[in-house]
Amino acid sequence: MFDFKYYTPTKVVFGKNTESKVADLINEFGGKKVLIHYGGGSVVRSGLLKRVTDTLDAAGISYVVLGGAVPNPHLGLVYEGIEICKKENIDFLLAVGGGSAIDSAKAIGYGVANEGDVWDFYDYKRKAKACLPLGVILTIAATGSEMSDSSVITKEEGLVKRGYSSDYSRPRFAIMNPELTMTLPDYQTACGCTDIMMHTMERYFTNGGNMDLTDSLAEGLLRTVKDNAVILRDDPKNYDARAEVMWAGSLAHNGLTGCGNDGGDWMTHKLEHELGGLYDVAHGAGLAAIWGTWARYVYKNCLTRFKKYAINVMGVSAEGTDEEIAIRGIEAMEDFYRSINMPTNLRELGVNPTEEELKLMAHKCAVGVGGAMGSARLLNEEDMYNIFKASV
Ligand code: NZQ
Ligand code: ZN
């Protein structure tokens, strides 16, 4: 077991109608003038944005509204948000939406609170020293950004998608009403469940460190999301299933399921970020499309964990050699993806890269991780290319 730090400063307000508490929470955390940031308009259509602005009006909190954060959010809008915040003397950010709106708000927060170009942080040139305080009203259970230290932004020039992590950006509060996720298209619900599971799987498939308690939490979380994803496929308005998945989303990425290990593998995410950057695919679907190929490429180097996963999470029989059990676990996981209409290769994802694009993605990925990365198995540029190629 490795030493670890566990830091989760976010106040979670969970349950029905909790969005009505937003003004109290902004007051509690000292917000005087707020930038409300949202995505492509689902919060306008659902009436949530109007409810939020009505609540702020009634409480006498002034605000400016900026929508338009797209899935795989763009740097251009981040720059726009930074300018607005400076001009309007904004001192608090409220993201209303999913990971894209939250991440875009985090980037705006860095840009306002630090000198210079905000992209420098995502380009690993320097580290942020502060971030504007941020609150969240979550509308999709997926990224865990509502409690995480990370944000992922795409620079339009060169389609470079990069993440930056620091505790400064952890939201002050997260309002989580599972009912708000009931307007999601089925595809986005399934993408969210995939992403949630993957955040814990990235930490689980590791060769560094071990803590039984962490593994038990991780396996319980994974089984919960797997079971409830199927319930939501058949019954999207099931409140309890929405609630299980929503809370799992936060716990999957706030550090809890990584305590005691080496930080995890994260290569499935790094490979997916290249797909998201180049083809603008939904993050969860991109993960599902690449995971099986990654797993087959690395499992022999991380056999104990793949075997444990197969038995404890996927419920496959413990008979046969370790390798046979591990492979059955990978196959069962791919069956699960298919059962919730997620892709298991790039073709099913709707992407058909040319040879040149495969090489480009592998190269950008290798540059992004500083040459090589991975705990289940260390992968270099050639390995990345091989995985992309085998997943076509
Ligand atoms: O943009 P709107 O109109 O709101 O529509 C969104 C979008 O089309 C829609 N949606 C969200 N809530 C809805 C809804 N539609 C109807 N009803 C609702 N209640 O769903 C679509 C996806 O939304 P988005 O915010 O893009 O999804 P998600 O939360 O999956 O975020 C994806 C982004 O987060 C990054 C991903 O790479 C991607 O850029 N990630 C962020 C992480 C983090 N900050 O910790 C970690 C992740 O691994 C991930 O990389
Ligand atoms: Zn993710």
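1. Zinc site. In this predicted model, the zinc ion (ligand 2) has four protein donors to look for: D195 (OD), H199 (NE2), H269 (NE2) and H283 (NE2). Along the chain, the donors follow the spacing D-x3-H-x69-H-x13-H. H199 belongs to helix 7 (residues 186–204) and H283 to helix 11 (residues 283–298), so this pair ties together parts that are 84 residues apart in sequence. Are H199 and H283 buried or exposed? Both are buried.

2. Helix 10 against helix 15. Two packed helices are described by the angle between their axes and the distance between the axes. Helix 10 covers residues 267–279, and helix 15 covers residues 355–368. They pack at an angle of about 125°, and their axes are 10 Å apart. Angles over 145 degrees would count as roughly antiparallel, and 65 to 115 as roughly perpendicular. Helix 10 and helix 15 are therefore oblique to each other. Their crossing is right-handed.

3. Who meets whom there? On the helix 10 side, find M267, K270, L271, E274, L275, L278 and Y279. On the helix 15 side, find E357, L360, M361, K364 and C365. The residues of this contact between helix 10 and helix 15 divide into eight nonpolar, no polar and four charged.

4. Helix 8 against helix 12. Helix 8 runs over residues 212–234 and helix 12 over residues 303–312. Their axes come within 10 Å and cross at roughly 45°. Angles under 35 degrees would count as roughly parallel. Helix 8 and helix 12 are therefore oblique to each other. This crossing is right-handed. Helix 8 brings D212, D215, E219, L222 and R223 to the contact. Helix 12 brings R305, K308, Y309 and N312. How do the residues of the contact of helix 8 with helix 12 divide? Two are nonpolar, one is polar and six are charged.

5. R170 in its loop. Look between strand 7 (160–165) and strand 8 (173–176): R170 sits in the loop there. Buried means under 20% relative accessible area. R170 has a relative accessible area of 10%, so R170 is buried.

6. What surrounds R170? Leave out residues up to four places away in sequence, and R170 touches Y7, P9, T10, M147, S148, D149 and N254. Now compare sequence and space for R170 and T8. They are 162 residues apart in sequence. In space they are 7.8 Å apart, C-alpha to C-alpha.

Notes: Residues are numbered from 1 along each chain as its sequence is written. Chains are lettered from A and ligands numbered from 1 in the order in which they are written. This is a predicted model: local features need pLDDT of at least 70, side-chain atom pairs count only at pLDDT 80 or more; totals for chains, interfaces and linings use all residues. Side-chain values use heavy atoms; hydrogens and water are left out. Axes are lines fitted to C-alpha atoms, for helices over the stretch in contact, and angles run from 0 to 180 degrees between N-to-C directions. Helices (H or I, at least four residues) and strands (E, at least two) are DSSP runs, numbered from the N terminus. A crossing is left-handed if the near helix is turned anticlockwise from the far one by less than a right angle, and right-handed if clockwise. Contact means heavy atoms within 4.5 Å. Ala, Val, Leu, Ile, Met, Phe, Trp, Tyr, Cys and Pro count as nonpolar, Asp, Glu, Lys and Arg as charged, and the others, Gly among them, as polar. Donors are N, O and S atoms within 2.8 Å of the metal (3.2 Å for Na, K and Ca); water is not among the atoms, so sites may look incomplete. Buried means under 20% relative accessible area, exposed over 50%, partly exposed in between (1.4 Å probe, protein chains only).
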